[in-house]
Structures are given as structure tokens and as C-alpha cells.
Amino acid sequence: ANDPKRVVVTGAAGQIGYALVPMIARGVMLGPDQPVILHMLDIEPAKEALEGVKMELIDAAFPLLKGVIATTDVVEACTDVDIAVMVGGFPRTEGMERRDVMSNNVSIYKAQASALEKHASANCKVLVVANPANTNALILKEFAPSIPDKNITCLTRLDHNRALGQISEKLDVHVSDVKNVIIWGNHSSTQYPDVSHATVTTDSREMSVSKAVSNDQWLKTEFIATVQQRGAAIIRARKLSSALSAASSACDHIRDWVLGTPKGSWVSMGVYSDGSYGIPAGLIYSFPVTCEKGEWSIVQGLKIDEFSRTKMDATTNELIEEKSLAYSCFNE
Ligand code: NAX
């Protein structure tokens, strides 16, 4: 049998945490043959709730779950972990100053970065979910210089899956028959959901999404806006932000990263830019990637038209701004 892998989930007492930990314990993230030990971290005010989640995990009697740690101690949470899913943080809510939010996230991610750097397993893979996800990942990277750049990522797979979902609804095909959409840039409303290279398979014939939809106007306006604004639409409907879809996408992100993407298809991940497609190096930017043997690589050679370039630049500019705001909080 495989040795258990240790997975830390920060913010585990929150809504995404509550949806995510049972998925991990069922093998949705690392596969049905991979035992896991869950490390759940939250902060003091959520301590009792976190204990409650631990009780439920025990009560669910998951065959793959070989242990559960529920803690408010960041070092205990990070020790020997193979996978870190960072869901805890300080998202912006109405009326809050951007700088205050960023400054809070800098102090949270600074502490967690050092704990991971010192105590996690050497090849620990990190996924940042907490908003601002790209910039939190960048902060984590800055304060954990010995963790390889390629091990620090952020979640844009939810946006990617939302884009697949919108196309599948539009064409009335199953979502698994649509592939190779791309989310470029920031996990925010400036993200660019791009279907220029996406395809759909019907009756075993593959064709481009733009041809199948054959409504350029819709693809360039309503489709993009719907994907960009989907988070807000969920909040209006549920009075709570997306949780099950975020948890599910976080599992997709790690699963594909660890176990590989299917031949001929790519996914979107927020990764450390190497300058591909003219995106400045040193940003965590969402790119199309393929994964093999536990490593992602950016899909190269896609043609970028002028429409796409403008949208990619807009989200780049927002990330540059967030980065400089974050850096200005580093010495506080
Ligand atoms: P909740 O407020 O329900 O849960 C967050 C949890 O984090 C709370 O239990 C809180 O006590 C804990 N926490 C706060 N500071 C912490 C710290 N320093 N260490 C450990 N735990 C800490 O939020 P939830 O709905 O679960 O969302 C979590 C985060 O995901 C938010 O930042 C949210 O904006 C972000 N999202 C990101 C998405 C993405 O695609 N990247 C989509 C969904 C979601 O909106």
C-alpha cells in the first residue's frame, strides 16, 4: 500500500474548508489509492468549530483517512506536509481599504511561508486559494525563498471550469466534451477567459468552440463577463460565496498537477511567470499548462490576437499594481 500523504488545509473551519476536507479524505484530490493524513489549521476564534469538523471527519469513517490533526499552531500544521492548500486569509469585503487588506495578508502569508519553508516536506506543492490569490501566492513565494518557484501556485481552475460550464450550457453538450479554454491572468474580474483555442467534440468530431458557437459577439462580451462575474452571481444567489465548486476545483488543480493532464488537453493554473507570452517574469499569472510527473509547463506557441493581447495586458497591469501594494507592506 502507498504511504499516506500529508495535506494541510488552512482556514479549514471555513466554508471552502468544510467542503474540501471530505473530498480530500475520499481520494478526490490524490486518487482512490492514496491514503491521506489531514492537517487542518485555523485561528483561535474558529478553534471549536475546527474541532467539530474533526469530529465529523472521524464520524464519516473514511477508509483512506489515516489521521486528522486540527490545530491553531502553524508549525504543527505545516510539519512534513506534501501538499498545502491555503484557504485561510483575509479577503476584501465592502468598505475595507485595499491597503489594510493587503497588509493583513502580507503578515498571514509571511508567517505561513516561513512555517512551510522550515517544516514542510522538501518537495511540498502549494496551492493558494485565499484572495487575492495570485498576490498571496507571490507573497508566500517571497517569504519562502527555498521553496522552488514551480511549487507555488494559485487557483484559477474554478474560473477555468466555469468557462467550460458556460460553453457546455451554450452548446448543450456535456462539459467533458469541451476542452482547452484558458484563463489568463488574475483570479479577479480582470481575468481573461479565452476560447480562441478551445474545442468541442460532438459525435466524435472535434471542432473549434468559436465555430460551434458561431456567435463571436457573445463570446467576446457576454461569455467573458459571465465567467468574470460568476463569483458575484453566486454570492447574490446563495448569500455566501462559492464553496463546493471552489473545493472541487482545488482538488482538480492538485490532482492534475500530481497525476498529470490527459494527452491533448491543458488546464489553467496561476504559476510563476517565466516571461512566456510577454507576461512579465515575477508575477503569479494564470496560464494554460500541461502537467506530467508532478510538474507543470506552460503551453507554448499559441497565437495571440490583438483582442486577446489587450485583455491579457489589462489583467497584467492589475497584478503589477497588486504586487507593488503588497511589497509596500513588506516592512510594516
Ligand atoms: P471563510 O471565511 O468561510 O473561511 C476562511 C477561514 O480562514 C475561516 O475559518 C478563518 O477563521 C480562517 N482564517 C483566517 N485567517 C487565518 C489564518 N491566518 N490562518 C488560518 N486560518 C485563517 O471563507 P471561504 O468562503 O472558505 O473562502 C476562503 C477564501 O477563498 C477567501 O479568501 C475567498 O476569497 C477565497 N476564494 C477563492 C477562490 C478562487 O478561485 N481562488 C474562489 C472561492 C473563494 O472566494
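**Ligand contacts, fold and aromatic pairs in a predicted model**

A polar side-chain atom of His 187 is placed 3.3 Å from an oxygen atom of the ligand, a polar contact being a pair of N or O atoms within 3.5 Å; within protein, one atom must be able to donate a hydrogen and the other to accept it, and residues adjacent in sequence count only if both atoms are side-chain atoms. The protein covers 82% of the 880 Å² of accessible area that the ligand has on its own, with accessible areas taken from the Shrake-Rupley method with a 1.4 Å probe and, for residues, only the protein chains shown counting as cover. The model is a predicted one, in which local features need pLDDT of at least 70 and side-chain atom pairs count only at pLDDT 80 or more, whereas totals for chains, interfaces and linings use all residues. Residues are numbered from 1 along each chain as its sequence is written, and side-chain values use heavy atoms, with hydrogens and water left out.

An N or O atom in the side chain of Asp 42 is 2.5 Å from an oxygen atom of the ligand, and a backbone N or O atom of Gly 11 lies 3.4 Å from a nitrogen atom of the ligand. There are 23 residues around the ligand, and those that come nearest are Gln 15, Ile 16, Asp 42, Val 129 and Asn 131; a residue is near a molecule or strand if one of its heavy atoms lies within 4 Å of it.

The secondary structure of the protein comprises 12 helices and 14 strands, where helices (H or I, at least four residues) and strands (E, at least two) are DSSP runs numbered from the N terminus. The radius of gyration is 19 Å, close to the 20 Å that the globule rule gives for 332 residues, so the protein is as compact as a globular protein of that length. This radius is taken over C-alpha atoms, and the globule rule is 2.2 Å times the number of residues to the power 0.38. The C-alpha trace spans about 55 × 45 × 40 Å along its principal axes. Of the 332 residues, 51% count as buried; buried means under 20% relative accessible area, exposed over 50% and partly exposed in between (1.4 Å probe, protein chains only).

Seven aromatic pairs are present in the structure. Rings of Phe, Tyr and Trp (its six-membered ring) pair if their centres lie within 6.5 Å; planes under 30 degrees apart count as stacked, over 60 as edge-to-face and the rest as tilted. Tyr 192 and Phe 307 form an edge-to-face pair, at 6.2 Å centre to centre and with 75° between the planes. Because Tyr 192 lies in strand β9 (residues 192-194) and Phe 307 in helix α12 (residues 306-328), this pair ties together parts that are 115 residues apart in sequence. Tyr 192 is buried at a relative accessible area of 3%, whereas Phe 307, at 27%, counts as partly exposed. The rings of Trp 218 and Phe 223 have centres 5.6 Å apart and planes at 45°, so that pair is tilted; both of these residues are buried.

Lys 220 lies over the face of Phe 307, at 4.8 Å from the ring centre, and Lys 141 lies over the face of Tyr 272, at 4.5 Å from the ring centre. A charge sits over a ring if NZ of Lys or CZ of Arg is within 6 Å of the ring centre and within 35 degrees of the ring normal.

Helix α11 (residues 244-259) contains Trp 257, which counts as buried at 1% relative accessibility. Trp 257 and Trp 296 are 39 residues apart in sequence and 6.4 Å apart in space, C-alpha to C-alpha. Asp 252 is also found in helix α11, and its side chain makes a polar contact of 3.1 Å with the side chain of Arg 255.

Several backbone features complete the description. The peptide bond from Asn 131 to Pro 132 is cis, with omega near -5°, and Pro 132 lies in the loop between β5 (125-128) and α5. Asn 180, although not a glycine, has a positive phi of about 65°; Asn 180 is buried, at 6% relative accessibility. Lys 239 has a positive phi near 60°, but is exposed, with a relative accessible area of 65%.
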